[in-house]
Amino acid sequence: KDDIDRLLDTVEGFIYGVDSKVLELNDDTFKTEMVNHDTAFVEFVAPWCPHCKRLTPDFERAAKVVDQNNIPIKFVKVNCDGPGYHTCHDAKADIYPTLKLLQEGR
């Protein structure tokens, strides 16, 4: 990872917290990880997007509430501005943020 990626990871760690219930996926991990979840609520974001930045804390809070109540929905985040570009393109997530409820990866 380069310095910018490490900085973004640090900032996201601060925003989401160490005990985040939001799973961060990218082009390399999305398809293989999604088969492990029957239902996923996916947040497709770009780090420069002000609407995405405002949504982040609420998305995290919702993920924690769902987890605490044992509701079988995984909350997932994909960074469309780099490591998740192709995943976002395949999901037709071209406006940020885009939220999609996926069942069985679709």
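I began with the order of elements and found that the protein chain, read along its sequence, follows the pattern α-β-α-β-α-β-α-β, with four helices and four strands in it. I note here that the model is predicted.

I checked the peptide bond from Tyr-96 to Pro-97 and found it cis, with omega near -10 degrees. Pro-97 sits in the loop between helix H4 (85–90) and strand E4 (98–103), and I count Pro-97 as partly exposed because its relative accessibility is 26%, which lies between the 20% and 50% cut-offs. Beyond its neighbours within four places in sequence, Pro-97 is in contact with Phe-44, Val-45, Cys-49, His-51, Cys-52 and Leu-55. I also looked up Val-42, which is 55 residues from Pro-97 in sequence and 10.0 Å from it in space, C-alpha to C-alpha.

In the loop between H4 and E4 I also found Lys-92, whose phi is positive at about 55 degrees although Lys-92 is not a glycine; its relative accessibility of 66% makes it exposed.

My last entry concerns Asn-70, in the loop between helix H3 (50–68) and strand E3 (74–79), where phi is near 55 degrees, a positive value in a residue other than glycine. Asn-70 is exposed, with a relative accessible area of 68%.

Key: Residues are numbered from 1 along each chain as its sequence is written. This is a predicted model: local features need pLDDT of at least 70, side-chain atom pairs count only at pLDDT 80 or more; totals for chains, interfaces and linings use all residues. Side-chain values use heavy atoms; hydrogens and water are left out. Helices (H or I, at least four residues) and strands (E, at least two) are DSSP runs, numbered from the N terminus. Buried means under 20% relative accessible area, exposed over 50%, partly exposed in between (1.4 Å probe, protein chains only). Contact means heavy atoms within 4.5 Å.
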